[in-house]
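Subject: Two-chain model for you to look at

Hi there,

Here is the model I promised to pass on. Please open it first, and then read my notes below next to it.

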Amino acid sequence: MTETTKATGGLSGYAPAGYDETANGNGRAEAYKAYDDWLSRQGIETLAQRNKQADVLFRRMGITFAVYGEQTGVERLIPFDPIPRILSNAEWTRLEAGICQRVRALNAFLQDVYTTRDILKAGVIPEDLILKNSEYTAEVEGFTPPNGVRVHISGIDIVRTSPSDFFVLEDNLRCPSGVSYMMENREVMMRLFPDLFKARAVLPVNHYPHELKKTLLASAPETAENPRAVLLTPGIYNSAYFEHSFLASEMGIELVTGQDLFVGDDDCVYMRTIDGPEKVDVIYRRLDDRFLDPETFRKDSLLGCPGLYRAAMKKNVTLANAIGNGVGDDKSVYPFVPQMVEFYLGEKPILSNVPTYTLAKADDCKYVLEHLNELVVKETHGSGGYGMLIGPKASKAELEAFAERIKANPSNYIAQPTLALSTCPTLQAEGLAPRHVDLRPYALMSAPDKVTVVPGALTRVALREGSLVVNSSQGGGTKDTWVLGA
Amino acid sequence: MLSRTADNIYWMARLVERAEAAARVLEAAYRMEQLPGAGTGWEPVLTIFGQIEPFRRKGVDMTTKNVFDFMIFDSENPSSIYSCVKSARENARSERSVLPEELFESLNATWIELQGLSYAKVERNGWRDFFEWVKDRTELFRGMAVSMMVCDDAFQFERMGAYLERADTTARLLDVKYHILPPSDDADKGLVDYYQWGEVLRAVGGWQAYRTLYKDVPTPEKIVDMLVFNPVFPRSLRSAYGEIVTSLGALKKESLSLKIAAQEQAYLSTATTKDILKGRPLHDFLTDFVGFTANLSVQIGRDFMV
């Protein structure tokens, strides 16, 4: 490849208004220096041209995503941006430590609330907030999973507002998705820009499935000699089906639907194979609690398998993640996570929370209603960017309508200040433009004191100018996320 | 291996084979339409695929355009090339975790390209190009399956699906053509027969094979021999059953499917064209064969996919 004759100056012509991750004060952030050099040599035309190839690659590889509410079976690509989001080794080291700490505390919290309830007895968290929470699952009271792990896989959503300020926006302790994009984005980047990876400065993420499999097998019931894990998917029309199939294949385990499984008279779980029933020891289920087992949860669910709950309670099979984790990532419980870290680990939290108003509290509710146009309001049980209000972007009518919904059921909401999320350069038709990003690293817990985070993450980017909503169901895109070596 | 996986892979292979067969038969018939006086119309083609009644229910004339629309693009016709590729790709998508990556990606690419085609577009570029494209894509799929799949259970179900479908198609094709082309001594019919039987050979990609194996102009009896009993022609009933039996035998479980398939294979290995034509009309033999093959498919389902 020859040098482009037309000098484009790399990032030098790029002028973001707020805090951008390529900047450090008035200079260039250390992590972006090498990339900036490369871009100066290549020119933005190269990016645009190779980006077209990316689209073809993703489609051919069938890396698609179904959007609910659209016609059944319609598959869409998540828009991919070819400019990587880059973190220095020092930045990552701190994030990693903070994530591990947070996940250990959350696992301890879940174990505690379903057994001895020390944190409630100590008055650190109001008892009603937990025991009356709709995510609290009385069916698993007193249950301890085989290796004490309830949060096998988690995704911690993080935002950044300055070179040194990272905030946890939310914890995902149920079935966080998106990790396949972390891996496929890297795969596509390596195909499109092999020259960028020659220096071996970017830490690899491809071993994630290997770590995931180790995590799953570590949680197997003690009685299982050669434990077998499977991945339980709701099926090909699920929005994350590609990911289910990708992970099963990378781990070399069976991808099963509820109909492939049955619970025998011995309360063990079996899968139907061409050679007859075969026992299953660990189920990485990508299915919500309420669909898991029509005997115990939703009666009309055809997605799960009757008797799974019974088998799990008898420790004949391990469900990853455990049942009942929703009470740990509920938005009304989120404000207490820093206290959990201190209570269970006796440590100072490394990562901060976003300041949060709990509308169940009368004072907070009053304040929020008076400042609605400045705040972001979220449903406590919501996810995927549905059912939320972004005050500064809302019309007067929207604000009024939302205020009515809040008054009708205040405890259903929390509110947070609108953060000035960092931006990253993103390829647009007119050239490079700043767009807001967040970060979702994935943590794997193989024992209550052992958490692994693969050095990478899913970076979601709000592609519309000025937008703060990064969810893929709401028109967000993704970027490859680089962690540089030490 | 999961029973559902076996089922999906088996049907994936059957449907890809069916798309290929549709392309071959349509191409051969389309060629005949261009030879004055040689064509036999579209009814036999629709009969081969069991689609004569569904087509009639459409209430349209049996023109080339309407038949192509129905057999290639119609999403409501489960035997159209469009539907076959769509369902095959969906089955593959369900099982991509057990298939070689390139196998799914290649089928996915075919599906993406097919979605971008329409009657008008293909007509502009020429039908022959289109049929060749379908044959290329489906044969590429078969080739990838053979050269990339591990010879495990998944591979056996892939092979069974492909050859069971192939046996079924060859038998139907022969039945329909033999019915409208009974052997006769009428000299005037000789030339038409020549083209008609040539069409049959083209539809199974067997022109060159016929010349090599029989060193003769096409004659009905020799063509029946090639399509039914020939042990080296890959689309003969005997070859197809040989592959099916090999696959059933490679599975761990001893099954009733294997037993009955092996009996049929033994018959095809020992009988001759003269034997069948002596006892009863070819049509009866082929009707029995198609029925038997359908039952075998049901039995495979009972043995492995419950």
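A residue is called buried here if 20 or more other C-beta atoms lie within 10 Å of its own, exposed if 12 or fewer do, and partly exposed in between, with C-beta atoms placed from the backbone. By that count, 47% of the 306 residues of chain B are buried. In chain A, 45% of the 486 residues are buried.

Before the details, a word on the source: this is a predicted model, in which local features need pLDDT of at least 70, side-chain atom pairs count only at pLDDT 80 or more, and totals for chains, interfaces and linings use all residues. Residues are numbered from 1 along each chain as its sequence is written, while chains are lettered from A and ligands numbered from 1 in the order in which they are written.

**The two chains**

Helices (H or I, at least four residues) and strands (E, at least two) are DSSP runs, numbered from the N terminus. Chain B has 16 helices and zero strands. Its radius of gyration is 19 Å, close to the 19 Å that the globule rule gives for 306 residues, so chain B is as compact as a globular protein of that length. The radius is taken over C-alpha atoms, and the rule is 2.2 Å times the number of residues to the power 0.38. Along the principal axes, the C-alpha atoms of chain B fill a box of roughly 60 × 50 × 35 Å.

Chain A has 15 helices and 25 strands. Its radius of gyration is 23 Å, in agreement with the value near 23 Å that a compact globule of 486 residues would have. The C-alpha trace of chain A spans about 75 × 60 × 45 Å along its principal axes.

For contacts, the criterion is that the C-beta atoms of two residues, placed from the backbone, lie within 7 Å. Counting contacts with a separation of 6 or more, residues 24 or more positions apart account for 70% in chain A and for 67% in chain B.

**Where the chains meet**

The contact between the chains takes 18 residues from chain A and 20 residues from chain B. On the chain B side, the elements that give two or more residues are α1 (3-33), α5 (81-94) and α6 (101-115). The largest share, five residues, comes from α6(B). This side of chain B divides into eight nonpolar, four polar and eight charged residues. In this sorting, Ala, Val, Leu, Ile, Met, Phe, Trp, Tyr, Cys and Pro count as nonpolar, Asp, Glu, Lys and Arg as charged, and the others, Gly among them, as polar.

**Domains of chain B**

The domain assignment gives domain 1 (1-148) and domain 2 (195-306), with bounds that come from an automatic or database domain assignment. Their centres, taken over C-alpha atoms, are separated by 22 Å. The contact between them takes 11 residues from domain 1 and 10 residues from domain 2. On the domain 1 side, those residues divide into seven nonpolar, one polar and three charged.

**Strands and loops in chain A**

Two strands count as paired if DSSP finds at least two bridges between them. One open sheet has three strands in the order β10-β11-β12, with antiparallel pairing. β10 (261-263) and β12 (276-280) stand at the edges with a single partner strand each, so one side of each is left without a neighbour in the sheet. Five bridges join β11 (residues 269-273) to β12(A) in the antiparallel sense, and A:Val269 has A:Val280 as its bridge partner in β12(A).

A:Asp267 sits in the loop between β10 and β11. Its phi is near 60 degrees, a positive value in a residue other than glycine. A:Asp267 is partly exposed, with 15 other C-beta atoms within 10 Å.

A:Arg117 also has phi near 60 degrees, and its place is in the loop between α3 (89-113) and α4 (118-121) of chain A.

Further along, β20 (residues 423-428) and β21 (residues 431-436) of chain A run antiparallel, joined by six bridges. They form a hairpin with two residues between them, and A:Leu427 stands opposite A:Leu432 in β21(A).

Finally, a cis peptide bond joins A:Ala320 and A:Asn321, with omega about 0 degrees. A:Asn321 lies in the loop between β14 (318-320) and α12 (326-329).

Best wishes
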